[in-house]
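Q: I have a model open and would like to learn how to read its features one at a time. Where do I begin?

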Amino acid sequence: MELRIITPEQVTSHDHVCRIVAEAANGVFGILPRHMDHVTQLVAGVPIFKTEAGREQFVGVNAGTLVKAGPTVMVAVRDMIASDDLGHLRERVEAEFRRDTNAERAARSALARLEAHMIRRFRELQGATHQ
């Protein structure tokens, strides 16, 4: 199989992949070359793929989409970190995704404050027009 990992910044291609293990919302699954075509949503995790030469590669991804079409498997994600050292990868993934989660949390908090301010302002304007 050919595995293509697609992010907004790059496309990484791996030829001669004989097995892929990834995780969807309903659990971990494996893909072999002759499996049926399908599409599934991936959860944040560390998919593993094995080359025909026997080398295992680990890829930390956030949530994304996996499409198997014939001999090609495409994984579209916002971000990925690849490594052949699972321990090192786990540390990098946790740090990167924690940073992203904190940034998203801060953005949601700022948006909530902005919405509350707008509601107060509309109420003030509404009260001024009724006097």
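Q: Let us begin with one residue. In which strand does Val 73 lie?
A: Keep in mind that this is a predicted model. Val 73 belongs to strand E9, which covers residues 72-77.

Q: Is Val 73 buried or exposed?
A: The general idea is to look at relative accessible area, where under 20% counts as buried. Val 73 has a relative accessible area of 0%, so Val 73 is buried.

Q: Which residues is Val 73 in contact with, leaving aside its neighbours within four places in sequence?
A: Contacts with residues elsewhere in the sequence show what packs around a side chain. For Val 73, with neighbours within four places left out, the list is Met 1, Glu 2, Leu 3, Arg 4, Ile 20, Ile 31, Leu 66, Val 67 and Lys 68.

Q: How many residues does the largest nonpolar core have?
A: In soluble globular proteins, nonpolar side chains tend to be buried together. Here the largest nonpolar core has 18 residues. Val 73 is among those with the most contacts inside this core, along with Leu 3, Ile 20, Phe 29, Ile 31, Leu 66 and Val 75.

Q: Which strands each supply at least two residues of this core?
A: They are E1 (2-6), E3, E4 (27-31), E7 and E9. E3 gives the most, with four residues.

Q: Which residues is Ile 20 in contact with, again leaving aside neighbours within four places in sequence?
A: Ile 20 is in contact with Met 1, Leu 3, Phe 29, Gly 30, Ile 31, Ile 48, Phe 49 and Val 73.

Q: Which residues line the largest cavity?
A: The lining consists of Leu 3, Ile 5, Ile 20, Ala 22, Pro 47, Ile 48, Phe 49, Val 59, Val 61, Leu 66 and Val 75. By class, the lining has 11 nonpolar residues, no polar and no charged. E1, E3, E6 (48-51) and E7 each supply at least two lining residues.

Q: Now the charged side chains. How many salt bridges are there?
A: The cut-off is a side-chain nitrogen of Lys or Arg within 4 Å of a carboxyl oxygen of Asp or Glu. The count comes to five salt bridges.

Q: What does the salt bridge between Arg 19 and Glu 56 tie together?
A: For any such pair, check where each partner sits in the sequence. Arg 19 and Glu 56 meet at 3.2 Å, N to O. Arg 19 is in strand E3 (residues 17-24) and Glu 56 in strand E7 (residues 56-61), so the pair ties together parts 37 residues apart in sequence. Arg 19 is partly exposed at 30% relative accessible area, and Glu 56 is partly exposed at 34%.

Q: Where do Glu 124 and Arg 121 lie?
A: Both are in helix H1 (residues 86-129), three residues apart, about one turn of the helix. Glu 124 is partly exposed at 47% relative accessibility, as is Arg 121 at 43%.

Q: Which residue forms a salt bridge with Glu 2?
A: Arg 4 does, with the closest N and O atoms 3.1 Å apart. Glu 2 counts as buried, at 19% relative accessibility, whereas Arg 4 counts as partly exposed, at 30%.

How values were computed. Residues numbered from 1 in each chain as written. Predicted model: local features only at pLDDT ≥ 70, side-chain atom pairs only at ≥ 80, totals over all residues. Heavy atoms only, no water. Buried < 20%, exposed > 50% of the residue type's maximum accessible area, 1.4 Å probe, protein only. Contact = heavy atoms within 4.5 Å. Core = buried A, V, L, I, M, F, W, Y, C linked by side-chain atoms within 4.5 Å. 1 Å grid on protein atoms, 1.4 Å probe; cavity = no way out; pocket = protein on both sides within 12 Å on 5 of 7 lines; lining within 4 Å. Nonpolar A, V, L, I, M, F, W, Y, C, P; charged D, E, K, R; others polar.
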